Amino acid sequence: MQYVAPIGIGVLYALLMSLVHEPHRRRLNAVMVAGAGAAYLSGGGLGGWEFAFTALLAYVAFRGLESWTFIGVGWLLHTVWDVVHHLKGNPIIPFAHTSSLGCAICDPVIALWCLRGGPSLIALLRGRSRGPGRGPERSRATMTP
């Protein structure tokens with residue numbers, strides 16, 4: 001369960017973010033990745049490197065204000081940071097020893113969604129439930145007068 005739940009959390013994150021309309025969704029996700037960059041600061045497990053990583057993710061998040069690609073890259077960078085913390089024994093939640101591992105599983109799910117442009121999963125599900133040719137993705141050429 002410790003491997004499946006983080007995937008579900010990543011999907012739930014994307015679903016909840018789908019409730020926010022563009023361009024606010026992209027900007028909110030840039031803020032979220034900036035916050036993730038500072039998540040390990042209080043633990044100080046990697047000393048001064050914690051500040052360097054926070055600065056790096058702040059820059060990536062700033063670029064993410066206008067680019068889903070940068071936001072996705074930010075989540076992938078955070079995944080690497082999670083793995084380092086898991087291996088070094090400094091979890092993101094001090095009393096949950098595998099919390100950094102869970103975060104390292106969850107973050108790539110969010111990153112993949114971001115690298116696809118952060119689409120509304122709700123709109124995708126609605127379009128799929130209507131069947132082929134019934135969703136908003138129909139082209140004008142296929143519409144009948």
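Modeller: Before we start, contact here means heavy atoms within 4.5 Å. This is a predicted model, and among contacts in the chain between residues at least 6 apart in sequence, 68% join residues at least 24 apart.

Biologist: Let's pick a residue. Why is Thr-54 called buried?

Modeller: Thr-54 has a relative accessible area of 17%. Buried means under 20%, so with 17% Thr-54 gets that label. Thr-54 sits in helix α3, which covers residues 49-64.

Biologist: Which residues is Thr-54 in contact with, leaving aside its neighbours within four places in sequence?

Modeller: Gly-37, Ala-38 and Leu-41. To count as contacts, heavy atoms have to come within 4.5 Å. As for the chain, buried residues make up 34% of its 145 residues.

Biologist: Now Leu-115 in helix α5. Why is Leu-115 called partly exposed?

Modeller: The relative accessible area of Leu-115 is 40%. Buried would need under 20% and exposed over 50%; 40% falls in between, so Leu-115 is partly exposed.

Biologist: What makes the nonpolar surface patch, and what is its area?

Modeller: Val-73, Leu-76, Leu-112 and Leu-115 make the patch, with an area of about 330 Å². Patch residues need over 30% relative accessible area, and Leu-115, at 40%, passes that cut-off. Nonpolar side chains are joined within 5 Å, and Val and Leu both count as nonpolar.

Biologist: Which helices each supply at least two residues of the nonpolar patch?

Modeller: α4 (68-88) and α5 (99-115).

Biologist: On to the largest pocket. What makes a set of grid points a pocket rather than a cavity?

Modeller: A pocket is an open set, whereas in a cavity a 1.4 Å probe fits but cannot get out. The largest pocket has a volume of about 220 Å³.

Biologist: How many residues line the largest pocket, and which lie nearest its centre?

Modeller: It is lined by 13 residues, and Ile-9, Cys-103, Cys-106, Asp-107 and Ile-110 lie nearest its centre.

Biologist: Which helix gives the most to the lining of the largest pocket?

Modeller: α5, with five residues. The helices that each supply at least two residues of that lining are α1 (5-17), α2 (24-37), α4 and α5.

Conventions:
Residues are numbered from 1 along each chain as its sequence is written. This is a predicted model: local features need pLDDT of at least 70, side-chain atom pairs count only at pLDDT 80 or more; totals for chains, interfaces and linings use all residues. Side-chain values use heavy atoms; hydrogens and water are left out. Patches are made of residues with over 30% relative accessible area and no salt bridge: like charges are joined within 9 Å, nonpolar side chains (Val, Leu, Ile, Met, Phe, Trp, Tyr) within 5 Å. Accessible areas come from the Shrake-Rupley method with a 1.4 Å probe; for residues, only the protein chains shown count as cover. A salt bridge is a side-chain nitrogen of Lys or Arg within 4 Å of a carboxyl oxygen of Asp or Glu. Helices (H or I, at least four residues) and strands (E, at least two) are DSSP runs, numbered from the N terminus. Buried means under 20% relative accessible area, exposed over 50%, partly exposed in between (1.4 Å probe, protein chains only). On a 1 Å grid over the protein atoms alone, a cavity is a set of points where a 1.4 Å probe fits but cannot get out, and a pocket is an open set with protein on both sides within 12 Å along at least five of seven lines; lining residues have an atom within 4 Å of a point. Grid points are joined across faces, edges and corners, and a volume is the space filled by probe spheres set on the points.
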